[in-house]
Amino acid sequence: MFGRMIRGTLLRQWKKMLMIAFTIALGASLASAMLSVMLDVEDKVNQELKTYGANITVVPKSASVLNDIYEVEGGETTGAYLREDELGKIKTIFWAFNIVDYAPFVNVKGTLEDGTDVSVVGSWFNHHMELPTGEELDAGIASLRSWWEIESGEWLDEQSNENAQIAMIGTSLAQKLGVSVGDTLHIKGSASDGDFHITGIFDAGGDEDDQIFVPLNTAQALANLDGCIDSIEVSALTTPENELAIKVAQDPSSVTVSQYELWYCTAYASSICYQIQEVITDSVASPVRQVADSEGAILEKTKLLMILITILSLIGAALGICNLVTASVMERSSEIGLMKAIGAQNGAISGLVLTEIFITAIFGGVIGFFAGFGFAQIIGQTVFNSAITLKPMVIPIVSILVVLVTLAGSIPAIRMLLRLRPAEVLHGGR
Amino acid sequence: MSLLELRNIYKIYGELHALDDVSLKVEKGEWVSIMGPSGSGKSTMMNIIGCMDKPSKGEVLLDGVDISKESSRNLTTIRRDKIGLIFQQFHLVNYLTAVENVMLAQYYHSIPDEKEALEALDRVGLADRAKHLPSQLSGGEQQRVCVARALINYPEIILADEPTGNLDEANEEIVVDLFHKLHNEGTTLIVVTHDPEVAEVAQRTLVLRSGRLAKEIVNKNFTGKIHFDEGDAFRKEEIHE
């Protein structure tokens with residue numbers, strides 16, 4: 001009987017029920033779109049933010065101690081070096097997939113023909129690596145420092161100019177020396193010298209503008225530092241630090257084993273640093289606080305905005321449902337009055353009306369969920385230029401939200417239904 | 001002990017006394033009509049007898065139990081178990097068939113039983129129309145479905161509000177004949193009507209005016225049959241005025 005009544009109402013009031021389903025679908029679609037983006041945005045925003053540079057620096061332990069004492073970052077090293085042959089190991093840590101890019105650096109002093117001292121930095125530009133895991137990776141400053149503006153020429157192409165004496169020069173130094181792309185600079189290092197063909201002039205907006213950048217092995221050869229590097233800059237996808245991450249970073253012994261494991265298995269900048277230190281001998285990896293903090297703040301604000309949009313859309317849906325369900329109950333007041341008159345208790349009638357609405361809500365919710373996932377893809381492609389991955393967590397969250405919104409939207413109608421007196425709707429009250 | 005007794009019932013809406021010190025008794029198996037002009041308090045009285053409203057003052061005894069102070073929930077239960085309601089507008093659920101409309105009363109009372117519902121429709125002569133929707137039935141047929149629904153749970157009282165108000169003469173006669181049949185089976189009938197011809201068929205007619213019981217007419221020649229245009233043939237005794 002219950003089923004016949006539900007079926008009868010749904011069929012008879014299909015237009016109204018369709019409107020309710022549409023309202024719920026609208027709310028659910030926005031909620032699922034925002035939630036999908038929000039849960040995936042961390043990676044997406046992180047990837048976007050990675051274009052602003054590395055967020056982890058790795059230096060030899062002794063250099064780090066000096067940095068700590070004198071509170072400077074990226075200072076000159078003291079003859080201690082990291083090992084170039086260990087660079088590949090960075091892509092073997094637990095959070096290897098979160099390591100987006102990295103580049104080693106070696107700073108050597110050079111002298112030009114006219115006796116001018118210059119800072120020569122050896123690094124990777126678009127270095128091709130075959131990792132122990134079988135993967136292949138192109139890493140280097142071409143992608144790590146994508147904000148550099150190439151004023152003339154082009155990025156140094158390591159792969160097609162293997163072992164060539166080529167260099168990129170900062171715009172300030174190029175002006176000072178009066179050189180341009182295509183010119184050759186003779187640089188004398190402490191161990192050897194060479195003629196370097198300038199392939200590009202860049203504007204980095206920092207100290208780099210007074211430096212010459214050459215392939216790593218070339219710089220190493222100038223100072224006889226084969227296999228040695230001063231530092232590594234790593235760009236990693238990280239989770240914003242929370243209390244646990246800060247606590248472990250300060251004192252790993254202050255947490256329980258399970259908390260430690262949770263920290264280790266979460267992509268906090270501090271845990272990734274820790275794992276890098278495990279694979280690079282005598283190194284200290286530390287997050288670049290400013291970048292990490294900005295990333296966290298932007299991420300939090302983006303999430304907050306999405307939560308607000310979700311809440312507003314759900315409130316809108318609840319108000320829409322409220323109007324439609326109330327109109328439906330008003331339209332059916334004599335039917336509901338009759339049910340009460342022949343013995344239906346309030347609970348039975350509320351159950352009937354809620355069942356009808358929830359069946360409609362399930363219909364609208366399912367449509368809304370898939371539509372929302374479609375919206376999420378549009379947002380992903382438009383904003384992040386990549387697809388949004390469906391997180392399984394979105395399904396229960398959207399389901400719960402649909403239930404809550406439907407309930408909230410039905411409350412006024414149910415209250416009206418409870419107050420409805422059969423005597424008033426079946427015939428005059430007097 | 002009377003099946004139903006109203007003791008000094010008042011229903012007051014602000015300044016208006018819809019019912020003003022009304023007392024009456026209805027015995028088990030009796031057929032009583034309540035008559036009166038519009039605004040006389042008929043519907044208010046029906047609502048109170050039908051447990052759809054509570055009096056402002058006074059007692060309503062059903063089977064000797066005062067139900068005037070019961071909660072809405074309890075009144076619903078009493079209504080479900082003891083009273084069968086028939087309405088002028090029929091109030092059938094328009095997306096349920098005739099038999100389903102009858103089963104609806106069973107559903108809220110106990111367990112729907114299609115066989116029993118079909119028997120009830122058979123009693124009102126509608127067995128062949130059981131699967132029809134209300135929109136496919138005439139007014140008289142709809143009212144007979146309403147009667148079948150009212151009696152499906154074997155109520156102690158059948159309370160009818162203007163049961164023939166929307167019917168033509170032929171269907172009016174059919175419905176009154178049904179009441180006669182129910183009365184003969186021992187059902188207590190209370191019929192609220194403004195139609196003297198329908199009221200006169202009852203054993204006793206109570207006339208309300210301005211919320212007060214103005215007259216009580218006993219039909220000495222009670223046959224339970226309606227006779228159009230033959231009002232004078234009935235002998236009536238006015239008990240008081």
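Helices here are DSSP runs of H or I with at least four residues, numbered from the N terminus. The model is predicted.

**View 1. I378(A) in helix 12 of chain A.** Helix 12 of chain A spans residues 346-384, and I378(A) lies in it. Because 12 or fewer other C-beta atoms within 10 Å count as exposed, I378(A), with 11 such atoms, is exposed. The C-alpha atoms of I378(A) and I388(A) are 8.8 Å apart, and the two residues are separated by ten positions in sequence.

**View 2. Helix 7 and helix 8 of chain A, with axes that come within 10 Å.** Helix 7 of chain A covers residues 243-250 and helix 8 of chain A covers residues 257-264. Their axes cross at roughly 105°, so helix 7 of chain A and helix 8 of chain A are roughly perpendicular to each other. From helix 7 of chain A, the residues in this contact are L244(A), A245(A) and V248(A); they meet Q259(A), Y260(A), L262(A) and W263(A) of helix 8 of chain A. By class, the contact of these two helices has six nonpolar residues, one polar residue and no charged residue.

**View 3. The side of chain B that touches chain A.** In this interface, 24 residues of chain A are in contact with 26 residues of chain B. On the chain B side, the elements that give two or more residues are helix 1 (42-49), helix 2 (72-82) and helix 3 (98-109) of chain B. Helix 3 of chain B contributes the most, with seven residues. The side of chain B that touches chain A is made up of 13 nonpolar, seven polar and six charged residues.

Conventions: Residues numbered from 1 in each chain as written. Chains lettered and ligands numbered in written order. Predicted model: local features only at pLDDT ≥ 70, side-chain atom pairs only at ≥ 80, totals over all residues. Contact = placed C-beta atoms within 7 Å. Nonpolar A, V, L, I, M, F, W, Y, C, P; charged D, E, K, R; others polar. Axes fitted to C-alpha atoms, helices over the stretch in contact; angles between N-to-C directions. Parallel < 35°, antiparallel > 145°, perpendicular 65-115°, else oblique. Buried ≥ 20, exposed ≤ 12 C-beta atoms within 10 Å, placed from the backbone.
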